[in-house]
Amino acid sequence: MISKFQNPVPPYPGWVRRVYRVSRPVRNEDIAAFLGNEELYVRDTVAGQVNIIHKYGLVELHCLVGEPHIEVWFNPDSGAYSSEYLDALLATRFN
């Protein structure tokens, strides 16, 4: 897999990165749904505009509109809770 998420930088020291393939390309509506009450951060990269959504200190989603992959950062010290939360969050949009 050739990832468009180049030069990964963790949001916090020690956080772990995973790239998830989703069932269809990410749309603006997905980003809006994931965002909820959080503030959207945007980073311009060579691959395009990366939308960064930080969810309650558990996970951070990096999404490129039109890409079928989402880069996810999480705190490994939070145990299975981060993984369960991420699975539920992705299932709301990509089932």
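1. Helices (H or I, at least four residues) and strands (E, at least two) are DSSP runs, numbered from the N terminus. Axes are lines fitted to C-alpha atoms, for helices over the stretch in contact, with angles from 0 to 180 degrees between N-to-C directions. H2 packs on the sheet as well, touching S1, S3, S4 and S5. Its direction makes about 35° with that of S4.

2. This is a predicted model: local features need pLDDT of at least 70, side-chain atom pairs count only at pLDDT 80 or more, and totals for chains, interfaces and linings use all residues. Residues are numbered from 1 along each chain as its sequence is written, and side-chain values use heavy atoms, without hydrogens or water.

3. The open sheet has five strands in the order S1-S5-S4-S3-S2, with antiparallel pairing (two strands pair if DSSP finds at least two bridges between them). S1 and S2 (41-45) are the edges; each has a single partner strand, so one side of each lacks a neighbour in the sheet. S3 and S4 pair over six bridges. Val-50 stands opposite Leu-64 in S4.

4. Val-26 is in contact (heavy atoms within 4.5 Å) with residues including Ile-31, Cys-63, Ile-70 and Phe-94, leaving aside neighbours within four places in sequence.
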